[in-house]
Amino acid sequence: MKRLLPIMTATLLWSLSATAQTAMPPQDFVHKTAASTMFAVESATLALHKTISPEIKSFAHRLANDRGTTGSSLRQIIAKRSDIALPERPDGHQLDVLRDLAALQGPDFDRAYVSAQRQAQEESLAVIAAYAEGGSDPELKAFAEKTLPTLQKLDAEAKALPKPQ
(Lines give C-alpha, C1' and ligand atoms only; values in the text may rest on other atoms or scores of the structure.)
Protein backbone atom coordinates (compact mmCIF):
# COMPACT_ATOMS: atom_id res chain seq x y z
CA MET A 1 0.00 0.00 0.00
CA LYS A 2 2.82 2.39 0.87
CA ARG A 3 4.41 1.70 -2.51
CA LEU A 4 1.14 2.04 -4.41
CA LEU A 5 0.35 5.71 -3.75
CA PRO A 6 3.73 7.21 -4.77
CA ILE A 7 3.75 5.22 -8.01
CA MET A 8 0.25 6.34 -8.90
CA THR A 9 0.88 9.96 -7.93
CA ALA A 10 4.07 10.16 -9.98
CA THR A 11 2.35 8.59 -12.97
CA LEU A 12 -0.59 10.97 -12.75
CA LEU A 13 1.64 14.04 -12.52
CA TRP A 14 3.76 12.86 -15.43
CA SER A 15 0.70 12.13 -17.52
CA LEU A 16 -0.99 15.43 -16.79
CA SER A 17 2.12 17.51 -17.46
CA ALA A 18 2.92 15.62 -20.67
CA THR A 19 -0.65 16.01 -21.89
CA ALA A 20 -0.77 19.72 -21.12
CA GLN A 21 2.55 20.54 -22.83
CA THR A 22 2.04 19.17 -26.33
CA ALA A 23 -0.59 17.61 -28.50
CA MET A 24 -0.49 13.86 -27.99
CA PRO A 25 0.38 11.80 -31.08
CA PRO A 26 -2.37 9.33 -32.08
CA GLN A 27 -0.24 6.26 -31.23
CA ASP A 28 0.40 7.61 -27.71
CA PHE A 29 -3.28 8.36 -27.23
CA VAL A 30 -4.27 4.85 -28.32
CA HIS A 31 -1.61 3.24 -26.13
CA LYS A 32 -2.56 5.23 -23.00
CA THR A 33 -6.29 4.76 -23.57
CA ALA A 34 -6.08 1.03 -24.28
CA ALA A 35 -3.71 0.41 -21.35
CA SER A 36 -5.93 2.37 -18.95
CA THR A 37 -8.97 0.46 -20.21
CA MET A 38 -7.27 -2.88 -19.59
CA PHE A 39 -6.23 -1.70 -16.12
CA ALA A 40 -9.79 -0.55 -15.36
CA VAL A 41 -11.35 -3.85 -16.40
CA GLU A 42 -8.73 -6.02 -14.65
CA SER A 43 -8.88 -4.01 -11.42
CA ALA A 44 -12.70 -4.06 -11.51
CA THR A 45 -12.59 -7.84 -11.88
CA LEU A 46 -10.36 -8.04 -8.80
CA ALA A 47 -12.78 -5.83 -6.88
CA LEU A 48 -15.78 -7.93 -7.84
CA HIS A 49 -14.03 -10.96 -6.34
CA LYS A 50 -12.34 -9.37 -3.31
CA THR A 51 -14.56 -6.67 -1.83
CA ILE A 52 -17.61 -7.10 0.33
CA SER A 53 -18.52 -3.40 0.01
CA PRO A 54 -21.76 -2.96 -1.98
CA GLU A 55 -20.62 0.50 -3.15
CA ILE A 56 -17.29 -0.80 -4.45
CA LYS A 57 -18.95 -3.82 -6.10
CA SER A 58 -21.48 -1.56 -7.82
CA PHE A 59 -18.78 0.82 -9.03
CA ALA A 60 -16.56 -2.05 -10.21
CA HIS A 61 -19.45 -3.55 -12.17
CA ARG A 62 -20.20 -0.23 -13.92
CA LEU A 63 -16.49 0.36 -14.50
CA ALA A 64 -15.99 -3.03 -16.13
CA ASN A 65 -19.06 -2.59 -18.33
CA ASP A 66 -18.43 1.02 -19.36
CA ARG A 67 -14.70 0.67 -19.95
CA GLY A 68 -15.24 -2.66 -21.71
CA THR A 69 -17.61 -0.90 -24.11
CA THR A 70 -15.19 1.97 -24.77
CA GLY A 71 -12.36 -0.53 -25.23
CA SER A 72 -14.39 -2.41 -27.84
CA SER A 73 -15.07 0.83 -29.69
CA LEU A 74 -11.37 1.68 -29.74
CA ARG A 75 -10.43 -1.83 -30.94
CA GLN A 76 -12.95 -1.50 -33.80
CA ILE A 77 -11.33 1.76 -34.91
CA ILE A 78 -7.80 0.37 -34.73
CA ALA A 79 -8.73 -2.90 -36.46
CA LYS A 80 -9.31 -0.95 -39.69
CA ARG A 81 -5.90 0.72 -39.54
CA SER A 82 -2.32 -0.34 -40.03
CA ASP A 83 -0.62 2.79 -38.66
CA ILE A 84 -1.46 2.23 -34.97
CA ALA A 85 -1.08 -0.83 -32.77
CA LEU A 86 -2.81 -1.64 -29.51
CA PRO A 87 -0.75 -2.62 -26.47
CA GLU A 88 -1.07 -6.20 -25.29
CA ARG A 89 -1.34 -5.40 -21.58
CA PRO A 90 -1.49 -2.50 -19.14
CA ASP A 91 1.64 -0.41 -18.61
CA GLY A 92 4.30 -1.42 -16.10
CA HIS A 93 3.06 0.84 -13.32
CA GLN A 94 -0.49 -0.41 -13.86
CA LEU A 95 0.73 -4.02 -13.64
CA ASP A 96 2.47 -3.14 -10.36
CA VAL A 97 -0.77 -1.73 -8.98
CA LEU A 98 -2.71 -4.81 -10.10
CA ARG A 99 -0.14 -7.08 -8.44
CA ASP A 100 -0.32 -5.03 -5.23
CA LEU A 101 -4.13 -5.12 -5.26
CA ALA A 102 -4.16 -8.88 -5.85
CA ALA A 103 -2.06 -9.39 -2.73
CA LEU A 104 -4.45 -7.46 -0.45
CA GLN A 105 -7.59 -8.60 1.35
CA GLY A 106 -10.50 -7.02 3.23
CA PRO A 107 -10.31 -3.36 4.22
CA ASP A 108 -6.70 -3.12 2.98
CA PHE A 109 -7.87 -4.11 -0.50
CA ASP A 110 -10.81 -1.70 -0.37
CA ARG A 111 -8.61 1.25 0.67
CA ALA A 112 -6.03 0.52 -2.02
CA TYR A 113 -8.69 -0.08 -4.68
CA VAL A 114 -10.52 3.17 -3.97
CA SER A 115 -7.25 5.09 -4.01
CA ALA A 116 -6.14 3.39 -7.22
CA GLN A 117 -9.45 4.10 -8.96
CA ARG A 118 -9.51 7.74 -7.96
CA GLN A 119 -6.06 8.20 -9.49
CA ALA A 120 -6.68 6.00 -12.54
CA GLN A 121 -10.00 7.59 -13.46
CA GLU A 122 -8.56 11.09 -13.10
CA GLU A 123 -5.63 10.14 -15.33
CA SER A 124 -7.86 8.49 -17.96
CA LEU A 125 -10.16 11.49 -17.98
CA ALA A 126 -7.22 13.87 -18.50
CA VAL A 127 -5.96 11.89 -21.51
CA ILE A 128 -9.41 11.63 -23.14
CA ALA A 129 -10.28 15.28 -22.46
CA ALA A 130 -6.98 16.51 -23.90
CA TYR A 131 -7.40 14.46 -27.06
CA ALA A 132 -11.07 15.43 -27.43
CA GLU A 133 -9.96 19.07 -27.31
CA GLY A 134 -6.81 19.00 -29.40
CA GLY A 135 -6.32 15.58 -30.99
CA SER A 136 -4.88 15.48 -34.50
CA ASP A 137 -6.58 12.31 -35.78
CA PRO A 138 -10.24 13.03 -36.64
CA GLU A 139 -11.48 9.48 -36.03
CA LEU A 140 -9.71 9.18 -32.67
CA LYS A 141 -10.78 12.69 -31.70
CA ALA A 142 -14.42 11.74 -32.39
CA PHE A 143 -13.91 8.62 -30.23
CA ALA A 144 -12.49 10.78 -27.43
CA GLU A 145 -15.39 13.23 -27.66
CA LYS A 146 -17.90 10.36 -27.52
CA THR A 147 -16.08 8.67 -24.62
CA LEU A 148 -15.58 11.82 -22.55
CA PRO A 149 -19.01 11.83 -20.81
CA THR A 150 -18.57 8.20 -19.75
CA LEU A 151 -15.18 8.91 -18.22
CA GLN A 152 -16.44 12.07 -16.53
CA LYS A 153 -19.18 10.00 -14.91
CA LEU A 154 -16.76 7.27 -13.81
CA ASP A 155 -14.33 9.86 -12.43
CA ALA A 156 -17.12 11.44 -10.38
CA GLU A 157 -18.24 8.02 -9.12
CA ALA A 158 -14.67 7.06 -8.15
CA LYS A 159 -14.32 10.31 -6.19
CA ALA A 160 -17.63 9.62 -4.43
CA LEU A 161 -16.63 6.13 -3.27
CA PRO A 162 -16.48 5.96 0.52
CA LYS A 163 -12.95 5.72 1.91
CA PRO A 164 -12.91 2.37 3.77
CA GLN A 165 -11.81 2.47 7.41
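## Leu 104 and its contacts

Leaving aside neighbours within four places in sequence, Leu 104 is in contact (heavy atoms within 4.5 Å) with Lys 50, Phe 109 and Ala 112. Leu 104 sits in the loop between H4 and H5. Helices here are DSSP runs of H or I, at least four residues long, and strands are E runs of at least two, numbered from the N terminus.

Leu 104 has a relative accessible area of 18%, so Leu 104 is buried. Buried means under 20%, exposed over 50%, and partly exposed in between, with a 1.4 Å probe and protein chains only. Leu 104 and Lys 50 are 54 residues apart along the chain, yet their C-alpha atoms are separated by 8.6 Å.

## The model and its layout

This is a predicted model: local features need pLDDT of at least 70, side-chain atom pairs count only at pLDDT 80 or more, and totals for chains, interfaces and linings use all residues. Residues are numbered from 1 along each chain as its sequence is written, and side-chain values use heavy atoms, with hydrogens and water left out.

The protein has six helices and zero strands. Of its 165 residues, 48% are buried. Take the contacts between residues at least 6 apart in sequence: 80% of them join residues at least 24 apart.

## Helix H3

H3 covers residues 54-79. At 1.5 Å a residue, its 26 residues should span 38 Å, and the end C-alpha atoms are 37 Å apart, which agrees. The expected span is 1.5 Å times one less than the number of residues.

The buried residues of H3 include Ile 56, Phe 59, Leu 63, Asp 66, Arg 67 and Leu 74. The buried residues of H3 pack against H2 (26-50), H5 (106-134) and H6 (138-160).

## The largest nonpolar core

A nonpolar core is a set of buried Ala, Val, Leu, Ile, Met, Phe, Trp, Tyr and Cys residues joined through side-chain atoms within 4.5 Å. The largest one holds 40 residues, of which Phe 29, Tyr 113 and Leu 140 touch the most other members. H2, H3, H4 (92-102), H5 and H6 each supply at least two residues of this core. H5 gives the most, with eleven.
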